[in-house]
Amino acid sequence: MPRVETFDREEVLNQSMQLFWEKGYHGTSMQELVDATGLNRSSIYNSFGSKLELYQASLTHYQKASGGCFQNALMKADNPLQALRLIFENFLEVILEDEEGKGCFVMNCKAEMANKDDKLQKWLLDHQAGALALFEDLIKDGQEQGVINSREDSMSYAYYMLNAFQGFRMTGILIRDRKILQHIIDNSINVLM
């Protein structure tokens with residue numbers, strides 16, 4: 001008979017996410033995970049499989065939590081170009097609120113772990129493909145509506161926006177000056193006009 005989890009899985013994922021986000025995968029020990037979550041090692045292994053699987057589950061937990069910035073932009077925008085701008089501007093607020101300078105957990109993972117584990121690399125590629133598809137759809141719609149230029153095809157611009165967005169998130173780790181970051185957003189969006 002399988003064991004029943006007697007803990008709040010979401011809370012454990014949140015605690016492990018915070019620890020991995022702050023210290024990275026390699027900088028986080030199993031004992032620190034035990035201390036942060038209140039679970040013993042066997043409970044962590046039985047419930048999540050391994051430290052790496054807990055790390056990946058923490059990334060998924062983070063992805064769900066940060067998806068609201070994208071959804072909020074899509075709901076508020078009058079057109080696809082404005083949606084792209086609002087995505088960046090929503091994350092500008094996230095950057096400015098990040099007093100510890102932890103940055104984006106997914107970007108941190110990409111920098112530390114992208115080439116260390118095949119499953120994790122697939123997760124990162126799938127995550128990136130989702131963002132790329134969103135950008136491409138917005139750009140294609142914007143081109144059809146005439147609010148985004150057609151000098152490049154939608155996929156070329158989607159890769160540009162993905163690169164700009166990831167660079168923006170990485171820049172925000174060390175630079176949290178609203179004026180500078182807003183200028184980066186304006187320059188990134190102006191390419192599409």
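Student: What covers the buried residues of helix 6?

Tutor: Helices here are DSSP runs of H or I, at least four residues, numbered from the N terminus. Buried means under 20% relative accessible area with a 1.4 Å probe, protein chains only. In helix 6 (residues 105–113), F105, V106, M107, C109 and M113 are buried. Their cover includes helix 1 (9–23), helix 4 (51–76), helix 7 (118–145) and helix 8 (154–174), counting heavy atoms within 4.5 Å as contact. This is a predicted model, where local features need pLDDT of at least 70, side-chain atom pairs count only at pLDDT 80 or more, and totals for chains, interfaces and linings use all residues. Residues are numbered from 1 along each chain as its sequence is written, and side-chain values use heavy atoms, leaving out hydrogens and water.

Student: How many disulfides does the structure hold?

Tutor: A disulfide is a pair of cysteine sulfur atoms within 2.5 Å. The structure holds 0. For C69, the nearest cysteine sulfur belongs to C104, 10 Å away. The C109 sulfur is 9.6 Å from its closest cysteine sulfur, in C104, so that is too far for a bond.

Student: Is C109 buried or exposed?

Tutor: C109 is buried, with a relative accessible area of 0%. C69 is buried too, at 18%.

Student: At what angle do the axes of helix 5 and helix 9 cross?

Tutor: Axes are lines fitted to C-alpha atoms over the stretch in contact, with angles from 0 to 180 degrees between N-to-C directions. Helix 5 (residues 80–97) and helix 9 (residues 178–190) cross at roughly 160 degrees, their axes coming within 10 Å. They are therefore roughly antiparallel, a label for angles over 145 degrees.

Note on methods
Helix = DSSP H or I, 4+ residues; strand = E, 2+ residues; numbered from the N terminus. Parallel < 35°, antiparallel > 145°, perpendicular 65-115°, else oblique. Buried < 20%, exposed > 50% of the residue type's maximum accessible area, 1.4 Å probe, protein only.
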